[in-house]
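My entries follow in the order in which I looked things up.

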Amino acid sequence: MARPLVSALPHDRAKQLRHTLLSRLKLRHLALLQSVHKHRRLSSVALEMGLSQPAITKALKEVEEIFMTPLFERTSRGLNPTAAGEAVLHYATISLADMDSTTKVLTAIDTGLGGRVRIGVTPHVPEALLNATFMHLLGQTPRVAVLAREGTTDELVGLMGAHELDCVIGRSFHGSIDVEITQEAIYQQVPCLLVPAKSRARLSKGPLNWQKLATLDWIMPPPNTPMRRTFNAIFLGAGVQPPSPIVETWSLRSIDTVLRREANAITILARDVAAELATGGGCATLPYDLSWNLPPISFFVAPSIAQSAAVRSLAASLRSAAQGLGA
């Protein structure tokens, strides 16, 4: 008698697992898994969820039966997720985040709003694009509720991967990214050197000299960020050892404060963002053209809403605003 194909076994198990998940898995099971991962001890989970420890033990056993595999290893230090457990925890995090988002969207609709959009913005997006974003979102009829978060591009894209944001306006990102997240370059910024206004004349003398600039008090992006690597590459490309910064920050307020205080402070910013800071009179740009480009400002969209009318219209509005800036 012919032996059954080995490849049929995983297929049959997958079919059985899918049926079990559809028929038995509940959101309370996912909440339990998150609590176990958070506390690592069933006694703490029982306390948080207001149940007895035997009830929690029984519930965890039920969840592992539903997924047809052990999800945690019992150790002297508590419960540690197995490889399967890590995968299930990722699913639980995304599912509960989607549930939370849907709850808030429905709540917004109940109050007469048209929905809710969660958007992330990096600090160095020019004000004109930021204005266009909020004018568009808040100009909808009916209006939509907006959750806005600020951070670096990699942080915000990570939140999109965890289903905590719907879209992001930030620099083009080449790190690890969910393959389903799309990014569209919409605006190219030009870099410039920004120094205290009172020091501009002194620091503008002579040709551009990176060896000389390296002796100044640098304000740089935080370590291990794409822009920090860009800063280092600029100096190395000029044959100069990258300087140790006096301040590491993304915050424009912090950059502005340091430039007002420190006569030898210097940083690199997009020219349009630098112009916004310079209107306060505390800083000014040096008259040098830099021979490289910043990564473009891009619009990132999560797959769950990429085709929604709200996101498509927002993307069109940003393209239009970016074209105006380019002109």
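Entry 1, tryptophan 218. I found tryptophan 218 opposite isoleucine 266 in β10. The model is predicted, so I kept the limits in view: local features need pLDDT of at least 70, side-chain atom pairs count only at pLDDT 80 or more, and totals for chains, interfaces and linings use all residues. Residues are numbered from 1 along each chain as its sequence is written, and side-chain values use heavy atoms, with hydrogens and water left out.

β8 and β10 run parallel and are joined by two bridges. I took strands (E, at least two residues) and helices (H or I, at least four) as DSSP runs, numbered from the N terminus. Two strands pair if DSSP finds at least two bridges between them. β8 is also joined by two bridges to β9 (residues 247-248), again in parallel. There, methionine 220 has glutamate 248 of β9 as its bridge partner.

I then listed the contacts of tryptophan 218 (heavy atoms within 4.5 Å). With neighbours within four places in sequence left aside, the list includes Leu193, Trp210, Phe231, Phe235, Pro243 and Ile268.

Which residues have the most contacts inside the largest nonpolar core? I noted Leu193, Trp210, Trp218, Ile266, Ile268 and Leu269, in a core of 36 residues. A nonpolar core here is a set of buried Ala, Val, Leu, Ile, Met, Phe, Trp, Tyr and Cys residues joined through side-chain atoms within 4.5 Å. Buried means under 20% relative accessible area, exposed over 50%, and partly exposed in between (1.4 Å probe, protein chains only). Among the elements that each supply at least two residues of this core are β7 (191-196), β8 (217-220), α10 (226-237) and α11 (252-261). β10 gives the most, with five residues. I also logged a second, separate core of 21 residues, which includes Leu33, Ile56, Leu79 and Leu96.

I followed β6 to its partner β12 (residues 297-301): the two run antiparallel and five bridges join them. Threonine 182 stands opposite valine 301 in β12.

Entry 4, hairpin. I looked up β1 and β2 (residues 78-81), which run antiparallel with four bridges between them. A hairpin through two residues joins β1 to β2, and phenylalanine 72 stands opposite proline 81 in β2. Threonine 75 is found in β1 (residues 72-75). Is threonine 75 buried, exposed or partly exposed? At 34% relative accessibility, threonine 75 counts as partly exposed. I also took the separation of the C-alpha atoms of threonine 75 and alanine 185: 48 Å, for residues 110 apart along the chain.

I found α6 (residues 127-138) packed with α13 (residues 309-326) at an angle of about 145°, with their axes 9 Å apart. Axes are lines fitted to C-alpha atoms, for helices over the stretch in contact, and angles run from 0 to 180 degrees between N-to-C directions. Residues in this contact include Ala128, Leu129 and His136 of α6 and Ser313, Leu318 and Leu325 of α13.
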